[in-house]
Amino acid sequence: MILSFAGFTVFSVGDAMVKYETRTYPVMQCIFFALAGGLIAMLLWSLRQGGPRQAFRTRAPRIQAARAFCLGMEFILVFYAFSQLPLATVYTIVLSAPLLTVFLSPLIAGDHFNPRLLPAVLTGFAGVIVALRPDVMPLSLASAGALLSALMFAAGSCLVRLMPRDEPPLTFALYPNLFTLVIAGGFMAVTQPALPALPDMLIMMATGLTSAGGLMLLGKALQLAPAGLVMPFQYSQLLWGIFFGLLVFGDTITVSVAVGAVLIVAGGALLAWLGREPGKAGPQV
């Protein structure tokens, strides 16, 4: 649980840095340099674990490939959403990931589905609908991207449950990093944008450190505990989103987003409560 909270906190710091840079530079360019920074950090860290060849050797290549696709798409979609929407709004939508995990975990990881969790899931999804307000305004490309990113993140998290417990931690960050780096690099090669200024490039590359660190922390947490126990800590990102949004970007919180956030967090709390069984320490998905 400590690893999960730390991972989501690190993600939030990186998200704020990303949003800051996308105000000036194209999203895919920010993604490329962010992942380049993360790759450099992982290569350096691998020297402490026997070198890149040893540290990045996976025992589950097919699962890693599937997870790399899921998290790569999640990375691109959520970066785009951050560039278009307030941080708190994006977090409110992507916080549906723990609820989506309840449905995906039995399908992907073979975990037991507990029907008692349905009220919690329905409460959370009601919050998503309130926040998106489809009855008032059409679903925008940015909000749709944020919702799809939540689905991809939940799927990628469930796939970790299929990996052996001795899978090297660096692999959790490396393979999604490489997949997305290739996609962003190909996009840049076609569009040929001008290189960012050196200070901005360094900030972008620093976001790669937060992404790699967050993935490593979260990957290890998901190895040690069921996804239904680890993923609810993602709700801490809502507080960080409000904090950075107000302090750095001057964002405002609409009533619909605030009400939706309350319902989603309530759904997550209910999920943890209903999932508890006698003698168990956490929710059973």
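Biologist: Angles under 35 degrees count as roughly parallel, and those over 145 as roughly antiparallel. With that in hand, how do α1 and α12 run relative to each other, parallel or antiparallel?

Modeller: One note before that: this is a predicted model. The axes of helix α1 (residues 2-22) and α12 cross at roughly 30°. That angle is under 35 degrees, so α1 and α12 are roughly parallel to each other.

Biologist: Within what distance do the axes of α1 and α12 come?

Modeller: Within 10 Å. The crossing of α1 and α12 is right-handed.

Biologist: And α5 with α12, parallel or antiparallel?

Modeller: Helix α5 covers residues 87-94, and its axis crosses that of α12 at roughly 165°. That is over 145 degrees, so α5 and α12 are roughly antiparallel. Their axes come within 8 Å.

Biologist: Is the crossing of α5 and α12 left-handed or right-handed?

Modeller: Right-handed.

Biologist: Staying on α5, how many of its residues are buried?

Modeller: Eight of eight, so by the under 20% cut-off α5 is mostly covered. The buried residues of α5 are L87, A88, T89, V90, Y91, T92, I93 and V94.

Biologist: Back to α12. Where does F244 sit, and is F244 buried or exposed?

Modeller: F244 is in helix α12. Its relative accessible area is 14%, so F244 counts as buried.

Biologist: How far is F244 from M17, C-alpha to C-alpha?

Modeller: 9.8 Å. Along the chain, F244 and M17 are 227 residues apart.

Biologist: Which residues form the nonpolar patch on the surface?

Modeller: Y20, F243, L247 and V248. Together these four have about 390 Å² of accessible area.

Biologist: Which helix gives the most to that patch?

Modeller: Helix α12, residues 236-249, with three residues.

Biologist: Take V248. Why is it called partly exposed?

Modeller: V248 is in helix α12. Its relative accessible area is 42%. That value lies between the 20% and 50% cut-offs, so V248 counts as partly exposed.

Biologist: Switching to charges. How many salt bridges does the count come to?

Modeller: One salt bridge. R59 pairs with D166, and the closest N and O atoms are 3.5 Å apart. The pair links distant parts of the chain, with R59 and D166 107 residues apart.

Biologist: Where do R59 and D166 sit?

Modeller: In loops. R59 is between α3 (52-55) and α4 (61-84), and D166 is between α8 (141-160) and α9.

Biologist: How accessible is R59?

Modeller: R59 has 45% relative accessibility, so R59 counts as partly exposed.

Biologist: Now backbone. Which residue other than glycine has a positive phi?

Modeller: Q192 has one, with phi near 50°. Most residues other than glycine have a negative phi.

Biologist: Where is Q192, and is Q192 buried or exposed?

Modeller: Q192 is in the loop between α9 (170-191) and α10 (198-224). Its relative accessible area is 64%, over the 50% cut-off, so Q192 is exposed.

Biologist: Next, L218. Where does L218 lie?

Modeller: In helix α10. L218 is buried, with a relative accessible area of 4%.

Biologist: And how far apart are the C-alpha atoms of L218 and V160?

Modeller: 9.8 Å. L218 and V160 are 58 residues apart along the chain.

Biologist: What about G267, buried or exposed?

Modeller: Buried, at a relative accessible area of 0%. G267 is in helix α13, residues 255-274. The C-alpha atoms of G267 and F243 are separated by 22 Å. Along the chain, G267 and F243 are 24 residues apart.

Biologist: Last one, L44. Where does L44 lie?

Modeller: In helix α2, residues 27-46. L44 has 55% relative accessibility, so L44 counts as exposed.

Biologist: And what separates the C-alpha atoms of L44 and E21?

Modeller: 25 Å, for residues 23 apart along the chain.

Technical notes. Residues numbered from 1 in each chain as written. Predicted model: local features only at pLDDT ≥ 70, side-chain atom pairs only at ≥ 80, totals over all residues. Heavy atoms only, no water. Patch = residues over 30% accessible without salt bridge, like charges linked within 9 Å, V, L, I, M, F, W, Y side chains within 5 Å. Areas by Shrake-Rupley, 256 points an atom, 1.4 Å probe, with all protein chains shown as cover. Salt bridge = Lys/Arg side-chain N within 4 Å of Asp/Glu carboxyl O. Helix = DSSP H or I, 4+ residues; strand = E, 2+ residues; numbered from the N terminus. Buried < 20%, exposed > 50% of the residue type's maximum accessible area, 1.4 Å probe, protein only. Axes fitted to C-alpha atoms, helices over the stretch in contact; angles between N-to-C directions. Parallel < 35°, antiparallel > 145°, perpendicular 65-115°, else oblique. Left-handed = near helix turned anticlockwise from the far one by under 90°.
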